[in-house]
Amino acid sequence: MLTVMGARAKATAAVAVVLVVGLVVVLVATGPGSGNSKPARAGADGSPRYGGTLVAAGSDPGPINPAITSAGTTHPVTGQIFNGLVRLDRNFKPQPDLARSWEESPDGLTYTFRLQPGVRWHDGKPFSSADVKYTFENVLLKLHPRTRTLAPTIDRIDTPDANTVVFRLKKRYTPFLKLVDEDNAGILPKHLFQGTDPLKNPANAKPVGTGPFKFQSRAADRITLVRNKDYFKRGRPYLDRIVFRVIAQPPQALQAFQSGELDYFSPSPPNVARLKTQKGVVVTTAGREGGGTVIRLIPNLRRKPFDDVRVRRAMAYAIDRDFISRTAYAGILKPATGPITSTFAPFYSDAVEKFPHDPAKAKRLLDAAGLKPGKDGVRLRTSLILDPGFAPAAEVIKRELGEVGIELDLKVMEFNAWVNQLYIKHDFDLGYSQLTDAPDPEIGTRRAFTCANRVPAPFTNGSNYCNKRVDALFERAASEPDQAKRVELYAEVQKIIVRDEPNIFLVDGAGPYAHDADFTGFADAGAKATYYFGDTVWFKKGSASRKP
Amino acid sequence: MLSYAARRLAGTLGLLVAIVVVTFVLVDLAPGDVAQVLAGQAGDPHYLADLRAQLGLDRSLGHQIGAYLLQVGRGDLGFSTVRGEPVLDVLAGRLPATLLLGGTSLAIAVAGGVLLGVIAAARRGSRLDAVISVGSLLAYSLPVFWLGQLLVALLAVRLHLLPSGGMTSATEQLGSLAVVLDVLRHLILPAATLAVLLMALVVRTTRAAMLDVLDEDYVMAARGRGIREGPVLFRHALRNAIRPVITVATSELGFLLSMLVLVEAVFSWPGLGTLLLDSVLSRDTPTLVGLLLFSSFVVAGANLLGDLLYMRIDPRVRLR
C-alpha cells in the first residue's frame, strides 16, 4: 500500500518540481537582461552623443529638497533636478548656473547676480529673482544646516527686476560665492513653497526644479528622472534618463555593479583594486575634489595624557601613514600632512612639519612625557572609538601604537553612536573622524579648530583645541579679499596646527567612483560631479544627434 | 467566538500601548537623535536646537509619548521628517513588497514543508526520510545572510542568471506582463532564501506530528477499509496532525518578520524590513514606532487567526 502511495506522492512531487523549475527557467530566460538596448555605434569624434539610461546606485534621499539638507545622500538626486546660482569647477572657481554673471562691489559687501533669461520650472512656470529671494529668506537661511550660518552676515536681498538679485552683506565674507551652489543653496519654486512648511511640502515628494532632469517617479527601490528637454543649458542633458536604485548597503551595490545591473556607483576603497582589473570599468576620483576629506584621529585634549603635545606627536611618529594608505585605502587616499586635503588647491600647503614613521622617536617622546613602559612593556592603556568603515585602518593603528607601548582598545560603534560620543558628549580618549574640507577652509576646516567651536554639535572642534593665533588667522582669512594673501594665511594656519597636532592626520583625498566605460563625462561637471554629473555625462553608444 | 475575538483585541490594544512606550524609551536611550542625523556634517548647535524644538524633541519623553498616543488615537501615525512623508504613506508604500515576499515564502514553505514532512513520516526510517530530516536540520541552522550572499554570488554575480537584488529592473520601461515577470525574476532568490528557512521548521513539525498520528487506531482502521494510502495520509492523518503545524506557521510570523529584515537587507528588497533597518539607523522614531505597531498588530492578529482556525479544524476546541 505504501508503495502505491509512494508512487502517487512521488508523481505529485515530481509534477510540482517540474512546474517550479519550469517557471524559474522561463523567468531566467525572459529576463530583460542588463542595461540599455545598446546600439553598436560609438562616438568616434569624441563629441557627446545623445540618449541612453544611466543606472546609478543611491541611498534613500529622504525629502527631495536641496534647500533643507546638506546630506550626501540627497544631493546626488537633487543635483540633477535643481540648480544653484553658480557651480564650482574643478579648481573651485564659480561658474554660471542659474546666474549667468555676477559682480562683487569693491568693498565686498554687495553681490549682484544677473540671472539666465527664459528659465522655466519643470511645471512650465517662469523662474525669476523672486524664487531666489524667497528660497534664501524663507528656507536656506533658516533650515539649510550649513547655509543658515550666513544669516548673520546677510543684511538684505533685493530684486530690482525679474532677472537680477542683489545680496547686501553686513561684513565682507570672501567665500560667499562658494556657498551659493546647489549643494548649499538650491533654488526652490516660490509658487509651490510660499506659505507652507518647507519640511512637509508635498513638492518634496514630487520635486519641481529647473535642472537637467525632471522627476518622473519614485518607488521604494528607485527614483526615475527623465531629460528636461527645455533645460536652459542648450543641448543638454545628453542622457534620456537617470535611474537611482536605492541600495543602502555597500556590499549589495558592489554585487549589483558586478552583475551588470548598475552603471555607476561609489565603491569603498578596499574594493577598488578588484574593480580596476575588471574590463569595461573605469575607476577614478576625478570630479570629486569638492568632497575631499582628511581622515584623522582626534585625541581628547580634555583628558590626560592627550593634553601633552609630546604624546600626540609621539602617536604621529608611531603611525605609518604610507602603510595605511596602501592597505586600508588601496592607495586611493594618500598619506596626509595636515588639516587641509592635498587635492584642495590652492589652499593646501605642505610647508609643515613632517612626521615620518619613526617608532624610536615616538618612544623617546613618550619617555619625555613621563609615560615609561611597565613590566609588560605597556606605557598607556587607552581606547579609540570608530565607526565600522574605519575598522581596517584602526587594526593597523592598534598594532603600530602597540609597538611603542600604547595599548589600544578598539570600540566599534554605529555611526550615530560614534558621532554622539565624540562630538556631543565628548566622552572618549581617541576618536576616528573624517571631515570634508572643500570648497573653502573657512567652511570645511575652520569648524574643527577654533576655540568658539568647542560646542556639542556634530563635526565641530571635538578635540577641544584652542589657539588664539589660529582663531585670529581664520578670522582674517574669512574677510581677506586677496586670494594670494588668503593662501598665505591658511599656510600659516596649517603650520601651527600641524605643530600642535590637535588631530593626528592620517590620509586624505577624494572618494572613488566606478562606472561602465560606455559612459563618460562625469568629471566635466566640476568639483562636485557627485551631485551634478547629469549635466555632462553621455552614453558613448548613443545617437549622434538628438532624436526629436 | 465574537466576544472571544473582541477580548483578544482589547488585550492587543494594551500590548500596542506598551510597545509605543518601550520603543520611545529605547530610541531615547540610543545615542544621537534625528536632528543630529539631519544635521549631517554641519555642526551648528543653534540648528540642532531649532530643529529639536520644531520636531518636539525638546519636550519630556512622557509628553512626547502622550502626544503620540493621542495622535494615534485619531488614526494618524505621524510624519516622518527623515523621509518627508506621513508615516502611513511610508508604510503603505513598503507593505506590498513585504507581503509579496513574505506571502510567497510562507506559501512555499507551508506547501513544500507539509508535503515533505508527510513523505518523510510515511517513509519513516528510509533513506528519503534521512535526506529530508538532515536537509531540514541543515537548512534551519544556515545563517540567512550567508545563504543569501551565497546565492547572489553564484547565480547573479558569477552566472548572471538572476538579478542580485531590488524588486524590478531599473533600465527598461516595461509593459504590464513584462513587469510581472520581471518582479517574479527578482523574487526568486529572496523568496527561496526565506522559504528554505521557514520550510525546515514546517518539515520537522509535520513529520513529528504525523508520526504521532500514523500509529493511531483510526489510521489502521482506514487502511483496513481499503482506503488508498494517499487519502489516508492527507485526509485522515494530516487533518489531525496539522494543528501543531498551524501553531508553528502562525506563531512563526514574528520569526518571519525578523528574517524578513535580514533577507530584505541582503537583497535590497524594498519592503518593511529594510525600512525598519533604515529607520533605526536614522533615528526616525515616527516611522519606527509606526512600523512596530503595525507588525505587532499583524502578529497578534495572526495568533488570533490561528486560534480561530483551530476551532474550525478541530471541533473539540472551544474558545472561552
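In this predicted model, the axes of helix 8 (residues 309–318) and helix 10 (residues 359–368) of chain A come within 8 Å. They cross at roughly 165 degrees. Angles over 145 degrees count as roughly antiparallel, and the two helices of chain A, helix 8 and helix 10, are therefore roughly antiparallel to each other. The crossing of helix 8 and helix 10 of chain A is left-handed. From helix 8 of chain A come A:Arg310, A:Val311, A:Arg313, A:Ala314, A:Tyr317 and A:Ala318. They meet A:Pro359, A:Lys361, A:Ala362, A:Leu365, A:Leu366 and A:Ala368 in helix 10 of chain A. By class, this contact between helix 8 and helix 10 of chain A has nine nonpolar and three charged residues, and no polar ones.

Turn next to a sheet in chain A. Four strands form an open sheet in the order 4-5-7-6, and the pairing is antiparallel. Strand 4 and strand 6 (154–161) of chain A stand at the edges. Each has a single partner strand, so one side of each is left without a neighbour in the sheet. From one strand to the next, the twist averages 20 degrees. Strand 4 of chain A runs antiparallel to strand 5 (residues 110–115) of chain A, and five bridges join them. One residue pair can be picked out here: A:Glu103 has A:Thr112, in strand 5 of chain A, as its bridge partner. Helix 3 (residues 129–143) of chain A lies across strand 5, strand 6 and strand 7 (164–169) of chain A. Its direction is about 160 degrees to strand 6 of chain A.

A:Ser101 is found in strand 4 (residues 99–104) of chain A. Is A:Ser101 buried or exposed? A:Ser101 has 10 other C-beta atoms within 10 Å, and a residue with 12 or fewer counts as exposed, so A:Ser101 is exposed. Leaving aside neighbours within four places in sequence, A:Ser101 is in contact with A:Pro96 and A:Arg114. A:Tyr423 lies 322 residues from A:Ser101 along the chain, and their C-alpha atoms are separated by 40 Å.

Strand 8 (residues 213–219) and strand 9 (residues 222–227) of chain A form a hairpin, with two residues between them. These two strands of chain A, strand 8 and strand 9, run antiparallel and are joined by six bridges. A:Arg218 has A:Ile223, in strand 9 of chain A, as its bridge partner. Strand 9 of chain A also pairs with strand 10 (residues 241–246) of chain A, through five bridges and again antiparallel. There, A:Arg222 stands opposite A:Arg245 in strand 10 of chain A.

Chain B has 13 helices and two strands. Its C-alpha trace spans about 85 × 55 × 35 Å along the principal axes. Of the 320 residues in chain B, 41% are buried. Among contacts in chain B with a separation of 6 or more, 73% join residues 24 or more positions apart.

The two chains also meet. Chain B gives 60 residues to the contact and chain A gives 63 residues. Several helices of chain B each supply at least two residues of the side that touches chain A, including helix 3 (45–55), helix 5 (87–122) and helix 8 (176–214). Helix 5 of chain B gives the most, with six residues. By class, the side of chain B that touches chain A has 29 nonpolar, 18 polar and 13 charged residues.

Methods: Residues are numbered from 1 along each chain as its sequence is written. Chains are lettered from A and ligands numbered from 1 in the order in which they are written. This is a predicted model: local features need pLDDT of at least 70, side-chain atom pairs count only at pLDDT 80 or more; totals for chains, interfaces and linings use all residues. A residue is buried if 20 or more other C-beta atoms lie within 10 Å of its own, exposed if 12 or fewer, and partly exposed in between; C-beta atoms are placed from the backbone. Two residues are in contact if their C-beta atoms, placed from the backbone, lie within 7 Å. Axes are lines fitted to C-alpha atoms, for helices over the stretch in contact, and angles run from 0 to 180 degrees between N-to-C directions. Angles under 35 degrees count as roughly parallel, over 145 as roughly antiparallel, 65 to 115 as roughly perpendicular and the rest as oblique. A crossing is left-handed if the near helix is turned anticlockwise from the far one by less than a right angle, and right-handed if clockwise. Ala, Val, Leu, Ile, Met, Phe, Trp, Tyr, Cys and Pro count as nonpolar, Asp, Glu, Lys and Arg as charged, and the others, Gly among them, as polar. Two strands pair if DSSP finds at least two bridges between them.
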